Amino acid sequence: MSFNEVIEMLGDDWRRVKILMSEYLHTDVSLLRDTNDSVLGHSGKMMRPMVSLLNAAAIGKVNDDSLRLAAASEILHNASLMHDDVADGSLERRGFPSVMSLHGPSAAILIGDFWLAKAVEAVFDSECQENVKWLFSKTLSDLSEGEMLQLEKSFTADTSEEDYLKIIYCKTASLFNVACTSGAVSVRADNAMKDAASSYGVALGLAFQIKDDILDYSGTSEMGKPVGVDIREKKITLPLLGAFRNAPEKEAEIRAMIRDMKDPCRTGSEITSYVLDNGGIEYASSVLDSYVRKAEESISVYADSPAKEALVSLARFNAIRQV
């Protein structure tokens, strides 16, 4: 099932989520309004609200709370991206200039804060807020911890695979988790179904980020986003960790190159060659496949339905996507 087919299946619910996002983000401040409209116009595939609605539909019947919480998950995601772009100095987002590059870091932080506040507002508008507000609160904590751990490791260059998985859980999988779990909560799912939705979200999110990290080494400029960014930002990700497993004799040297980086372009080129020549992509791909399988297995308790089929398709999409 393709993305377009999933969106067509979601129908009016999908359109109502997008309308809700626009309504929550409404403002009379022209600079903020114009920036919000620009971000919404380049919003990517919006996978988080998609899987939120699909989990709700697979377990019960999508309702107003389902729509609000799906909108909240995407608004929160975009808030985190604006803050991340400031922390990382990123000039592009989804192939377009980032908010930071257009308006500077101070404005990007303030706009991200506005989006964050609106995500909280959407959560508090839901009738099941008492059962989901702690989920969103924990996600905010995870996002901050993940960013700080990643920053810490950029100074020491001693990232282990355990560190890496914690970072990508906090920065990426936590958002998929809250989207899927809150979708289940919105339809009053029992504990078994909520656990299934949570496990699916975590596995999907880990697979999603691992694929992004693979594409940073093996992608092309046609992807619409820069490649080779991770090493330039001193981020040790799974493809490089996989190469360390296969060719450990150069690990200490490469970690020192990253820690004491003088020429990011040259260092990035050397490390990319090392990763490609020593099975780093293949190792990361095997871990990715394991999380795709785990995502599928997590929702085996769901009754067969178009929504469940769509969730399986989205999990499998991570193994083949090129953007």
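## A buried charged cluster

E147 is buried, with a relative accessible area of 14%. The model described here is predicted. K171 is buried as well, at 15%. The two form a salt bridge, with the closest N and O atoms 2.9 Å apart. This pair links distant parts of the chain: K171 sits in helix α9, E147 in helix α8 (residues 129-156), and 24 residues separate them.

Beyond its neighbours within four places in sequence, D84 contacts E147 and K171. D84 counts as buried, because its relative accessibility is 15% and the cut-off is under 20%.

## Other salt bridges

A search of the whole structure finds 20 salt bridges. One of them joins D212 and R321, whose closest N and O atoms are 3.0 Å apart. D212 lies in helix α10 and R321 in the segment after α16, so the pair ties together parts 109 residues apart in sequence. D212 is buried at 19%. R321 is buried at 3%.

Helix α5 holds a local pair. D65 and R68 meet through their side chains at 3.3 Å, N to O. They are 3 residues apart in the helix, which means a separation of about one helical turn. D65 is buried, at 4%, whereas R68 is partly exposed, at 22%. Elsewhere, D13, R16 and D64 are linked in a salt-bridge network.

## Helix α9

Helix α9 covers residues 161-186. At 1.5 Å a residue, its 26 residues should span 38 Å; the end C-alpha atoms are 35 Å apart, which agrees. A kink of about 50° is centred on A173. Of the 26 residues, 21 are buried, so α9 is largely enclosed by the rest of the structure. R188 follows the helix, with a positive phi near 60°.

## Helix α1

Helix α1 (residues 3-10) has three named buried residues: F3, V6 and L10. Seen down the axis, they fall within an arc of 60°, so they line one face. N4 and E8 are exposed on the other side. The buried residues pack against α2 (12-24), α4 (47-59) and α16 (306-320). G11 follows α1, with a positive phi near 55°.

## The nonpolar core

The largest nonpolar core has 98 residues. V51, L54, W115, Y200, I210, L240 and I258 touch the most other members. Helix α10 (residues 191-218) gives the most to this core, with 11 residues. Leaving aside neighbours within four places in sequence, I210 contacts Y164, I168, L238, A284, V287, L288 and Y291.

Definitions and conventions:
Residues numbered from 1 in each chain as written. Predicted model: local features only at pLDDT ≥ 70, side-chain atom pairs only at ≥ 80, totals over all residues. Heavy atoms only, no water. Buried < 20%, exposed > 50% of the residue type's maximum accessible area, 1.4 Å probe, protein only. Contact = heavy atoms within 4.5 Å. Helix = DSSP H or I, 4+ residues; strand = E, 2+ residues; numbered from the N terminus. Arc of directions from axis to C-beta. Core = buried A, V, L, I, M, F, W, Y, C linked by side-chain atoms within 4.5 Å. Expected span 1.5 Å × (residues − 1). Bend = angle between axes of the 7 residues up to and from the residue. Salt bridge = Lys/Arg side-chain N within 4 Å of Asp/Glu carboxyl O.
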